[in-house]
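I opened a new model today and kept notes as I went. The entries follow the order in which I looked things up.

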Amino acid sequence: MRRLLACLLFAVTAVAAAQTPQHRDEAATLARRIDWGTYSPKMFQNVDRKITFNLATSWIPGEKHQGMFRYVMTASPEKLSLAQRARASPDPDSLDSIKQLVTRVHDCTITLELYDTDGFVLRKITIPFDFGVDSDANVKALYANDSAQMDMVEYEHFVGSTEKAGGWSVSWLCDPRGPKD
């Protein structure tokens, strides 16, 4: 048992020693959460309400460039103005209307598209959404908290610098046999 612990301690020490202070500082900076804001597309032709996607990311290091891109993404119906609610029929804020719209989005394949600082596609990730519910178990949104393998250089191309950052958007593919868009 002592021999195993000694081997493990040596391995951890060797990995830590192999990382330069600059590399550790970069990794620590990339590990901080970055909130990327919102993206609100109109997903369906026959539905006026947009879906608002929110994205936050970070990166954690791994051996041999096997770091992990971590993300939290939510998708929910956009908030409507009083005028929009007054014109809509049936009530777009009813629990049933929200559940139907969120379920319709959930039935689509949603893809997160990451762009480098020059606007080129860096990576496409299919998002495995779960239903988000309120305290009364009413479906209100979609939620994903997951990760994908990505090395530091690739994540740095996405994050960019204070002068110029990458970007993101969402694309989707819905079953054509579903409700008519």
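**Entry 1: a lysine to begin with**

I started at K42. Its relative accessibility is 40%, and K42 therefore counts as partly exposed. I keep in mind that this is a predicted model. Next I asked which side chain K42 meets in a salt bridge. The partner is D48, at 3.8 Å from N to O. How accessible is D48? D48 has a relative accessible area of 66%, so I log D48 as exposed.

**Entry 2: the other salt bridges**

How many salt bridges does a search of the whole structure find? The search returns four.

I took D35 and R33 next. Their side chains meet in a salt bridge, with 3.0 Å from N to O. D35 has a relative accessible area of 57% and is exposed. R33 also comes out at 57% relative accessibility, and R33 counts as exposed.

Then I went to D118. It forms a salt bridge with K164, and the closest N and O atoms are 3.2 Å apart. Where in the chain do D118 and K164 sit? D118 is in the loop between β4 and β5, while K164 is in the loop between α5 and β8. The two are 46 residues apart, and the pair links distant parts of the chain. D118 has 52% relative accessibility. The cut-off for exposed is over 50%, so D118 passes it. K164 has a relative accessible area of 43% and is partly exposed.

**Entry 3: the whole chain**

I stepped back to the overall layout. The protein chain has five helices and eight strands. Read from the N terminus, the elements run α-α-β-β-β-α-α-β-β-β-β-α-β.

I then asked what share of the residues counts as buried. It is 33% of the 181 residues. The accessible surface comes to about 11600 Å², and carbon and sulfur atoms hold 55% of that. I also looked at contacts between residues at least 6 apart in sequence. Of these, 63% join residues at least 24 apart.

I found an open sheet of three strands, in the order β5-β4-β8, with antiparallel pairing. Why is one side of β5 and of β8 left without a neighbour in the sheet? Both stand at the edges, β5 at residues 121–126 and β8 at 167–173, and each has a single partner strand. On average, neighbouring strands of this sheet are turned by 25 degrees against each other, direction ignored.

I checked the β4 and β8 pairing in detail. Strand β4 covers residues 109–115 and pairs with β8 in the antiparallel sense over seven bridges. T111 stands opposite S171 in β8.

Which helix packs on the sheet? It is α5, residues 152–159, and this helix touches β4, β5 and β8. The direction of α5 makes about 105 degrees with that of β5.

**Entry 4: H157**

I picked H157 from helix α5. With a relative accessible area of 41%, H157 is partly exposed. Leaving out residues up to four places away in sequence, H157 touches Y115, D116, T117 and L122. I also took a C-alpha to C-alpha distance, from H157 to L114. These two are 43 residues apart in sequence and 9.7 Å apart in space.

**Entry 5: the disulfide**

Last, I looked for disulfides. The count comes to one. It joins C108 to C174, with 2.0 Å from S to S. Is the link of C108 and C174 right-handed or left-handed? It is right-handed, with 100 degrees about the S-S bond.

I then placed both ends. C108 lies in the loop between α4 (95–106) and β4, and C174 lies in the segment after β8, so the pair ties together parts that are 66 residues apart in sequence. Are C108 and C174 buried or exposed? C108 is buried, at 9% relative accessible area. C174 is buried as well, at 17%.

Notes
Residues numbered from 1 in each chain as written. Predicted model: local features only at pLDDT ≥ 70, side-chain atom pairs only at ≥ 80, totals over all residues. Heavy atoms only, no water. Pairing = 2+ DSSP bridges. Helix = DSSP H or I, 4+ residues; strand = E, 2+ residues; numbered from the N terminus. Axes fitted to C-alpha atoms, helices over the stretch in contact; angles between N-to-C directions. Contact = heavy atoms within 4.5 Å. Buried < 20%, exposed > 50% of the residue type's maximum accessible area, 1.4 Å probe, protein only. Areas by Shrake-Rupley, 256 points an atom, 1.4 Å probe, with all protein chains shown as cover. Disulfide = S-S within 2.5 Å.
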